[in-house]
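Biologist: I've got a model open and I'd like to learn how to read it. Could you walk me through it, feature by feature?

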Amino acid sequence: MSVLSPISAADSGGGTPIFLSPPIGCDEAEFPILLRRYRLGLALFVAAIGMLFVGFSSAYVVRRGIPIYDAGTGGYSTDWEPLRLPIRLLLFNSCLLICASVAMEVVRRKTSAFVYPSETNGREVTLWLSASLLLGTAFLLGQGIAWHALVSSGRFLSTGARTAFFYVLTSTHALHALLGVLAVAAIASFGARISPARRYVAVDLTAWYLHAMTLLWVYLLCFLLFA
Amino acid sequence: MKRWKSGALAAGVLSSAIAFSGNAFAQGCASCYTSAAAGGPETAHALRSGILLLLFPPTIIFAGIIITLRRWKSAAPGIGTSINRQRQAGASLSDERTT
């Protein structure tokens, strides 16, 4: 059975088909192999993001430990200011991101690569997808509130190295998380109009990407709180 | 056998490189070496921590990717790929034409 044929407007529930060419030129037997290749591509992308944050972490550790020459006293001192983080808000944001990731995992497990969701559990899948989208957006808004709280308490990017590192690490992570949230939004918007196989690949890769972003955030939070 | 030989060769090259290498002295950059040496023990400790942090996670990440790739390759070397199927389809089609 060829599962990856082009879809028609009738198949897609009356909407305008947007991808008419055969998305992935293979059949059921080859689908797992191709999915594995897509996952490998994602793994390399996530590895590159991981390397970026490893670089930031290394710079953080070196900057924290290196004494700076103080022209006033003529000696060396460690210029690493104390920083009170909005810990409760950050923990709440972490819960939101973890829940978004879990919701996306449910979507991944309920999505079939061979059947349109509208024929089986479409409503359920849409609900979980919307939940993931809402929770991911709430996480990003929560991060914005955390930055606002820091700015309100007089902690700016130029206040000191530690504050600057907090802004850089969290905003870089938020940008990458935004990519995942946009992918969830794209699936929610266009998912019903593409073939089941293509939809499954999109859902699978987005779910794994969100899991990676969640793990990265947990690492960053522990690093910022305890390192 | 071939894999064993290439592994032994890689191990030999790596161990000779380690055994016969001299001190690196901050890769020969005089400015880096001077500033690192002038910082004192605290700076040395911070730099060592930073280098270790830069060393281990990438090694683990890329070792994981390479191991996964090798496992995939040994599990199904080229079986079921689109190109192979197209080749098979082409071969059967040509057989039909000739017969």
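Biologist: In what order do the elements of chain A run from the N terminus on?

Modeller: This is a predicted model, by the way. Reading from the N terminus, chain A goes α-β-β-α-α-α-α. That comes to 5 helices and 2 strands.

Biologist: What percentage of the residues of chain A count as buried?

Modeller: Of its 227 residues, 28% do. As for contacts in chain A between residues at least 6 apart in sequence, 76% of them join residues at least 24 apart.

Biologist: Which residues of α2(A) are buried, and what do they pack against?

Modeller: The buried ones are A:N93, A:L97, A:A100, A:S101, A:A103, A:M104 and A:V107. They pack against three stretches of chain A: α3 (122-152), α4 (161-190) and α5 (196-226).

Biologist: Let's take one residue from α3(A), A:A146. Is A:A146 buried or exposed?

Modeller: For that you count C-beta neighbours, and 20 or more within 10 Å means buried. A:A146 has 21 of them inside 10 Å, so it counts as buried. Apart from neighbours within four places in sequence, A:A146 is in contact with A:P86, A:L89, A:L90 and A:N93. Notice that A:N93 is also one of the buried residues of α2(A).

Biologist: Now the two chains. How do I describe a pair of packed helices?

Modeller: You give the angle between their axes and the distance between the axes. Here α1(A) packs with helix α3 of chain B, residues 41-75, at about 170°, and the axes are 8 Å apart. With that angle, α1(A) is roughly antiparallel to α3(B). The residues of this helix contact divide into 16 nonpolar, 7 polar and 2 charged.

Biologist: How many residues does each chain bring to the contact as a whole?

Modeller: Chain A gives 19 residues and chain B gives 18. On the chain A side, 12 are nonpolar, 5 polar and 2 charged.

Technical notes: Residues are numbered from 1 along each chain as its sequence is written. Chains are lettered from A and ligands numbered from 1 in the order in which they are written. This is a predicted model: local features need pLDDT of at least 70, side-chain atom pairs count only at pLDDT 80 or more; totals for chains, interfaces and linings use all residues. Two residues are in contact if their C-beta atoms, placed from the backbone, lie within 7 Å. Ala, Val, Leu, Ile, Met, Phe, Trp, Tyr, Cys and Pro count as nonpolar, Asp, Glu, Lys and Arg as charged, and the others, Gly among them, as polar. Helices (H or I, at least four residues) and strands (E, at least two) are DSSP runs, numbered from the N terminus. A residue is buried if 20 or more other C-beta atoms lie within 10 Å of its own, exposed if 12 or fewer, and partly exposed in between; C-beta atoms are placed from the backbone. Axes are lines fitted to C-alpha atoms, for helices over the stretch in contact, and angles run from 0 to 180 degrees between N-to-C directions. Angles under 35 degrees count as roughly parallel, over 145 as roughly antiparallel, 65 to 115 as roughly perpendicular and the rest as oblique.
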